[in-house]
Amino acid sequence: MKALELENVNKFYKLANKQKFKALDNINVSFDKGELVSIVGESGSGKSTLMNIIGGLDSDYSGKIKIDGKDLKKFKQKQLDDYRKMKIGFVFQSFNLIPHLSILDNVTIPLTLSNEKESVKTQKATILLEKLGLKEHLKKKPNQLSGGQKQRVAIARALINDPDIILADEPTGALDSSTTLQILDILKEIADDGKLVIMVTHSEKVAKISSRIIEISDGKIIRDEKNENYAKGSTLINGDKNPIVIESEKSNKKIKKEKTNSTKGHLSFLSSLKLAFHSMWASKTKNFLMALGVSISLISMILMLSFGSGLTGYISSQAQAYSSPTNVTISKSNYDRDGNKLDGADMSMMSPKTFSNDEIEEISNDINAFLKGKSSDFVIKTSGEDKNLSYGYSAMTMSIASITYDNGSENGKTDQIIYSYTTPPYYTEKKILSKNGHISKEKEIMLSSACLEFFGVKDYDDVVGKEVSLSINFPVNNTSINITKNVKVSAVVDVSIFSQMLVMYVDYDYLNSCVIEAQESSNLDATGISPSLLFIETDGQKTTDLINSYIKSSRKDLSGSVEEQLVEMFNEMMSTFSIALAVIAGISLIVALIMILVVLYMSVSERTREIGVLKSIGARGKDIKLIFSTESLLIGIFSGITGIIFSAVIGGILSAILKSILGFAPIAMMWYYFVFALIISVVISVLAGLYPASKASKLDPVDALRHD
């Protein structure tokens with residue numbers, strides 16, 4: 001059985017004007033193992049086309065090509081890939097070594113595509129390269145070798161899988177005469193070793209050393225003759241100081257290679273990872289800049305999430321710090337019970353909505369019914385000795401209250417109280433900042449730490465006991481009630497998020513008595529003030545949580561404390577702000593995706609010849625796609641890590657700056673933000689790499705090898 005047979009092989013190329021050009025015309029020829037065949041002819045005669053068809057790179061032909069009796073035309077794509085990988089070894093005129101791989105890796109890449117073990121690959125390639133005189137060059141890159149050395153590397157790559165057929169396309173075309181003889185000696189020895197070696201050449205000198213010469217003209221074989229002078233077992237070089245191959249008298253010591261046993265293996269993910277890393281490292285500046293561009297989008301996303309979370313968390317923590325696990329605070333919200341926003345709701349904090357007695361009774365009954373349905377024994381009691389519902393009042397305004405301090409000047413010093421509170425029942429001495437002082441009672445008030453500037457002192461205790469004139473303007477029953485009282489400061493207290501504002505706490509009963517007194521002096525009904533806050537003292541955290549859950553889920557018209565209202569308002573603002581930032585971040589991520597796609601697409605174009613080489617040595621379309629997809633994966637991981645590092649550094653710097661300015665740092669960089677950013681980076685990179693990877697996998701190997 002012949003090693004290779006061609007029967008009635010014809011090949012047509014389609015021209016631009018829809019005409020056809022016949023490149024091969026009824027080729028009938030066969031080859032035996034151990035032959036060194038030269039195919040000669042003028043440019044355009046069909047030599048290279050014939051080589052591509054024999055090598056399984058071009059399947060668009062008619063006729064039969066039989067390999068060991070099997071028709072190549074009937075091979076499926078997988079079988080063709082394995083055929084190029086295991087049966088064929090290509091040697092090119094321009095060497096076609098992959099520039100970013102070492103010499104050793106260039107030779108082992110056919111075994112890498114077969115998923116051979118690393119130790120086996122290295123051993124096979126090292127032995128082969130040593131026999132070809134390249135022992136000292138294993139770690140070098142192709143650009144560090146001479147032309148002859150590069151061609152020997154290409155030959156080693158062609159031999160590594162111990163193929164049956166070596167196809168050499170102008171193997172000496174780019175070499176000088178001395179190096180040409182060295183390469184021809186190697187090819188001759190390979191043929192003498194029992195392999196079929198087919199060379200395409202323009203050179204008659206090269207053809208003369210062959211055992212057989214086939215001449216092609218206009219796609220037809222016009223000459224097929226044996227070389228009677230061919231001497232099997234001899235060498236072309238004598239007396240070379242460093243002979244590449246063994247001399248004729250030692251020709252029985254030929255290049256031997258272990259045949260690989262990985263015919264069923266395919267490129268593994270780990271191997272593709274290694275190839276992708278080498279490729280990326282070769283273009284490290286470009287890839288770093290691309291990763292940096294992607295990381296900018298990730299940095300902005302992480303910082304936006306961190307700021308939003310930090311601010312929300314800070315406000316929430318402050319609100320929680322000024323509440324009690326056994327107290328529920330209830331106020332009116334900006335909505336009615338059906339969830340419709342009330343007119344003028346945005347000004348509710350400037351003019352707080354108060355509760356009537358009927359509303360208080362209704363709320364109490366509704367909550368009691370809810371608790372009963374939840375099998376709770378707790379009951380709200382609005383009167384009696386065991387009363388657990390108390391009242392409060394709060395308002396934020398620039399004119400409702402002011403204090404005047406006699407500092408010795410003609411009119412004293414007056415300042416507006418930004419926020420007025422009645423003292424919550426759960427307020428304790430722990431909230432007091434001054435060492436001395438107590439919770440305010442009758443004719444007393446408590447002030448926030450901002451009062452230090454008002455009194456011109458630096459110590460909280462210097463404020464305690466100071467007497468001031470308090471002026472309050474209350475709208476009660478559509479009537480303005482003016483109250484002016486001389487009171488003492490009983491303590492300086494921590495007032496949560498309002499510490500930089502002048503805030504006043506006053507006892508509810510004392511404030512109510514002042515209003516009644518003012519009403520009586522004005523001949524008005526002594527109704528006193530209606531509460532804007534209700535405080536329910538519960539029997540524990542469980543009951544507190546139940547009541548709060550009822551208010552949030554069933555009473556749109558009710559809300560929690562002022563702090564809770566601020567948190568809710570802030571959360572709404574942050575939600576809107578976050579959506580806007582998310583849109584901006586989304587746009588930047590889309591831009592990053594497009595950038596990765598463009599760079600990878602350009603990479604496919606730049607590495608077209610490399611793709612052709614990989615396909616010529618048996619790489620499947622899946623292997624090519626895996627290599628480029630792995631590169632996009634690495635870009636995503638590297639971009640994500642870069643973004644995380646820069647985000648952590650920038651976040652740390654901003655935290656330090658804000659803490660020195662504000663006293664706190666509203667940045668919460670959660671670990672899952674970093675994980676999310678890494679996932680997003682990987683996802684957009686992989687998505688961006690899908691099209692370039694698909695395009696690379698579909699490139700025609702013949703066209704790819706011709707690409708400049």
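Lys274 is partly exposed, at 34% relative accessibility. Here, buried means under 20% relative accessible area, exposed means over 50%, and partly exposed lies in between (1.4 Å probe, protein chains only). The model is predicted: local features need pLDDT of at least 70, side-chain atom pairs count only at pLDDT 80 or more, and totals for chains, interfaces and linings use all residues. Residues are numbered from 1 along each chain as its sequence is written, and side-chain values use heavy atoms, with hydrogens and water left out.

Lys274 forms a salt bridge with Glu118, and the closest N and O atoms are 3.3 Å apart. Lys274 lies in helix α8 (residues 269–282) and Glu118 in helix α4, so the pair ties together parts that are 156 residues apart in sequence. A salt bridge is defined as a side-chain nitrogen of Lys or Arg within 4 Å of a carboxyl oxygen of Asp or Glu. Helices (H or I, at least four residues) and strands (E, at least two) are DSSP runs, numbered from the N terminus. Glu118 is also partly exposed, with a relative accessible area of 42%.

The structure holds 32 salt bridges. One of them joins the side chains of Lys22 and Asp25 (3.0 Å, N to O). Lys22 is partly exposed, at 32% relative accessible area. Another joins Glu225 and Arg223 (2.7 Å, N to O). Glu225 is partly exposed at 36% relative accessibility, and Arg223 is partly exposed at 21%. A network of salt bridges links Arg337, Glu362, Asp366, Arg555 and Asp557.

An open sheet has six strands in the order β6-β7-β8-β3-β9-β10, with mixed pairing. β6 (88–92) and β10 (220–226) stand at the edges with a single partner strand each, so one side of each has no neighbour in the sheet. Neighbouring strands of this sheet are turned by 15° against each other on average, direction ignored. Strands count as paired if DSSP finds at least two bridges between them. β7 and β8 pair in the parallel sense over five bridges. Asp169 has Val200 in β8 as its bridge partner.

Two helices that pack on this sheet can be described. Helix α1 (residues 47–54) touches β3 (36–40), β6, β7, β8 and β9 (212–217). The direction of α1 makes about 150° with that of β7. Axes are lines fitted to C-alpha atoms, for helices over the stretch in contact, and angles run from 0 to 180 degrees between N-to-C directions. α5 packs on the sheet as well, touching β6 and β7. The direction of α5 makes about 170° with that of β6.

The largest nonpolar core has 36 residues. Such a core is a set of buried Ala, Val, Leu, Ile, Met, Phe, Trp, Tyr and Cys residues joined through side-chain atoms within 4.5 Å. Leu129, Ile155, Leu187, Ile190, Val197 and Met199 have the most contacts inside it. The elements giving two or more residues to this core are α3 (103–113), α4 (118–131), α5 (147–159), β7 (165–169), α6 (177–192) and β8 (196–201). Apart from this core lies another, of 34 residues, among them Ile445, Phe454, Val476 and Ile529.

Ile190 touches Ile155, Leu159, Ile166, Lys195 and Val197, not counting residues up to four places away in sequence. Contact means heavy atoms within 4.5 Å. α6 is mostly covered, with 13 of its 16 residues buried. At 1.5 Å a residue, the 16 residues of α6 should span 22 Å, and its end C-alpha atoms are 22 Å apart, which agrees. The expected span is 1.5 Å times one less than the number of residues. Just after α6, Gly194 takes a positive phi of about 110°.

Strand β21 (residues 533–537) is mostly covered, with four of its five residues buried. Strand β11 (residues 327–332) pairs with β21 in the antiparallel sense over four bridges. Val328 stands opposite Ile536 in β21. Strand β12 (residues 389–392) also runs antiparallel to β21, joined by four bridges. Ser390 has Phe535 in β21 as its bridge partner.

Leu634 lies in helix α16 (residues 621–662). Leu634 counts as buried, at 16% relative accessibility. Leaving aside neighbours within four places in sequence, Leu634 is in contact with Leu273, Ala276, Phe277 and Met280. The C-alpha atoms of Leu634 and Leu292 are separated by 13 Å, although the two residues are 342 residues apart along the chain.
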